[in-house]
Amino acid sequence: MRKPFVAGNWKMNTDSNSSVELAERIASESADVAGRDVTVAVCPPFIYLQAVAKALSASSVGVGAQDIYYESKGAFTGEISASMLKDVGCTYCLCGHSERRHIIGETDDLVNKKVAAGIGGGLLPILCVGELRAEREASQTNEVVTRHLKKGLAGLSAEKVSVVTIAYEPVWAIGTGLTATPQQAQEVHDFIRKLLAEMYDGQLAEEIRILYGGSVKPDNAADLMGQRDIDGLLVGGASLKADDFLAIIQVAV
Ligand code: PEP
């Protein structure tokens with residue numbers, strides 16, 4: 001069975017003190033379930049990764065990066081490689097978050113290279129996919145998700161993809177307070193799982209975890225988690241409030 005997975009994306013928030021304080025509270029107050037009943041991870045800004053990883057080192061709460069670069073080292077000013085992320089204690093890396101696709105301008109090809117580099121470097125990528133509001137209104141959701149998945153995972157074998165987590169994040173629901181209804185989310189998760197079965201095989205599709213993200217809060221987490229193909233939650237804003245994130249973790253168990 002797929003173990004629930006709750007990941008917090010802190011985006012460009014916190015500072016050196018508040019990042020460690022938040023991590024310590026999450027670790028101590030989720031200690032009874034984290035790792036055993038639910039996979040928990042937080043994704044702080046790059047600059048606080050090392051301090052947060054240290055604060056979490058005795059816990060089962062994992063650390064993820066919000067991004068990665070695909071080259072291993074060299075003249076790539078401002079970029080961070082998989083080996084650097086491993087070196088400071090990361091287990092996961094987000095790839096293709098919608099803010100990177102739509103604000104920074106990342107392409108599907110770049111996202112694909114990042115996923116491949118993450119896997120090659122021993123990280124567990126979380127590949128984010130999802131449509132813009134206009135795309136949903138034009139009934140293009142499945143088309144967009146298909147493109148993100150096929151291009152994002154291009155050239156990767158089933159064995160490699162087995163370490164990837166997919167996060168379905170409708171862009172219109174991120175940071176807007178609008179949440180996809182549990183039924184809307186389930187429909188897309190079901191579509192993604194069937195597509196993965198076609199692209200790879202039934203076993204991979206059954207085992208891979210598909211998270212939902214987009215204005216998840218303690219009061220909508222249970223309905224989302226109650227859907228058959230929603231295996232966890234990628235939480236932005238609410239992951240910055242320890243009480244809210246802890247409540248979401250408890251709901252996911
Ligand atoms: C996210 O950043 O991945 C996200 C889902 O944000 P929010 O929960 O704030 O919508």
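Student: How many aromatic pairs does a search of the whole structure find?

Tutor: Searching the whole structure, which is a predicted model, finds 4 aromatic pairs.

Student: And how is a pair of aromatic rings described?

Tutor: A pair of aromatic rings is described by two things, namely the distance of the centres and the angle of the planes.

Student: OK, so what are those values for Tyr-69 and Tyr-70?

Tutor: Tyr-69 and Tyr-70 form a tilted pair, with 4.6 Å from centre to centre and 35 degrees between the planes.

Student: Are those two buried or exposed, or something in between?

Tutor: Tyr-69 is buried, because its relative accessible area is 15% and the cut-off for buried is under 20%. Tyr-70, at 26% relative accessibility, counts as partly exposed.

Student: Which residues do ring pairs link into a cluster with Tyr-69?

Tutor: The cluster linked by ring pairs consists of Tyr-69, Tyr-70 and Phe-76. The ring centres of Tyr-69 and Phe-76 lie 5.4 Å apart with the planes at 45 degrees, so this pair is tilted, and Phe-76 itself is partly exposed, with a relative accessible area of 30%.

Student: Switching topic: why is strand 5 largely enclosed by the rest of the structure?

Tutor: Strand 5, which covers residues 124–129, has 5 of its 6 residues buried, and therefore it is largely enclosed by the rest of the structure.

Student: Which way does strand 4 run relative to strand 5, parallel or antiparallel?

Tutor: Strand 4 (residues 92–95) and strand 5 run parallel and are joined by 4 bridges, with Cys-95 standing opposite Leu-127 of strand 5. Strand 5 also pairs with strand 6 (residues 165–168), in the parallel sense and over 4 bridges, and there the bridge partner of Ile-126 is Thr-165 in strand 6.

Student: Now the nonpolar core, how many residues has the largest one?

Tutor: The largest nonpolar core has 67 residues, and those with the most contacts inside it are Leu-153, Ile-166, Ile-192, Tyr-212 and Leu-233. Helix 12 (residues 242–252) supplies the largest share of this core, with 6 residues.

Definitions and conventions. Residues numbered from 1 in each chain as written. Predicted model: local features only at pLDDT ≥ 70, side-chain atom pairs only at ≥ 80, totals over all residues. Heavy atoms only, no water. Core = buried A, V, L, I, M, F, W, Y, C linked by side-chain atoms within 4.5 Å. Buried < 20%, exposed > 50% of the residue type's maximum accessible area, 1.4 Å probe, protein only. Helix = DSSP H or I, 4+ residues; strand = E, 2+ residues; numbered from the N terminus. Pairing = 2+ DSSP bridges. Phe/Tyr/Trp six-rings, centres within 6.5 Å; stacked < 30°, edge-to-face > 60°.
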